[in-house]
Amino acid sequence: QAAVIEFARNVLNWGDAHSTEFNPDTSKKVVIEMPEHNPGQMGGTMRLGKRTTAFTDKTAILKKLYGNKDEIEERHRHRYEVNPEFVDAFSEKGMKFVGRDLEGERMEILELRGHPYFVAVQYHP
């Protein structure tokens with residue numbers, strides 16, 4: 001999530017980009033609370049447990065490191081996610097979301113194109 005905020009501020013030039021966890025009034029909510037997890041409530045509201053991530057890019061670095069599998073299962077423990085509203089803006093500037101949940105709604109793995117090894121994940125590998 002921090003990588004997304006940093007990229008938004010310094011590559012997309014969205015100086016006010018932030019997570020709603022830290023600044024709910026930001027004009028660029030690049031990381032948001034997952035809507036189905038009762039925003040504002042704590043306790044029992046996290047996305048927990050083993051979840052499947054599907055690779056969406058055959059050339060992804062992490063796909064290769066996971067043995068070229070099409071899907072992986074990893075442990076999750078979070079209640080915030082990349083705001084899907086901004087995924088296209090990130091992708092146009094080289095931040096590619098190469099792994100998503102099975103519904104294609106959750107951004108699980110990102111890689112920075114043009115960098116030899118910049119990867120970030122939402123899960124706990």
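# Exercises on an aromatic cluster and a helix

F7, W14, F86, F90 and F97 form one aromatic cluster. The model is predicted, so local features need pLDDT of at least 70 and side-chain atom pairs count only at pLDDT 80 or more, while totals for chains, interfaces and linings use all residues. Residues are numbered from 1 along each chain as its sequence is written, and side-chain values use heavy atoms, with hydrogens and water left out.

## Exercise 1

Classify the aromatic pair formed by F90 and F97.

Solution. Start with the rule: rings of Phe, Tyr and Trp (its six-membered ring) pair if their centres lie within 6.5 Å; planes under 30 degrees apart count as stacked, over 60 as edge-to-face and the rest as tilted. By this rule the count comes to five aromatic pairs. One of them is F90 with F97, at 6.2 Å centre to centre and 80° between the planes, which is edge-to-face.

## Exercise 2

State whether F90 is buried or exposed, and do likewise for F97.

Solution. Buried means under 20% relative accessible area, exposed over 50%, and partly exposed in between (1.4 Å probe, protein chains only). F90 has a relative accessible area of 0%, so F90 is buried. F97 is at 5% relative accessibility and therefore counts as buried.

## Exercise 3

Find the residue that lies over the face of W14.

Solution. A charge sits over a ring if NZ of Lys or CZ of Arg is within 6 Å of the ring centre and within 35 degrees of the ring normal. K28 lies over the face of W14, at 4.3 Å from the ring centre.

## Exercise 4

Describe the two sides of helix α1 (residues 2–10).

Solution. Helices (H or I, at least four residues) and strands (E, at least two) are DSSP runs, numbered from the N terminus. First list the buried residues of α1: V4, I5, F7 and A8. Seen down the axis of α1, these residues fall within an arc of 165°, so they line one face of the helix; the arc is that of the directions from the helix axis to the C-beta atoms. The face turned away from this buried side carries the exposed residues A2 and N10.

## Exercise 5

Give the strand order of the open sheet and its edge strands.

Solution. Two strands pair if DSSP finds at least two bridges between them. Three strands form the open sheet in the order β1-β2-β5, with mixed pairing. β1 and β5 are the edge strands, since each pairs on one side only. β2 and β5 pair in the antiparallel sense over three bridges. I32 has E81 in β5 as its bridge partner.
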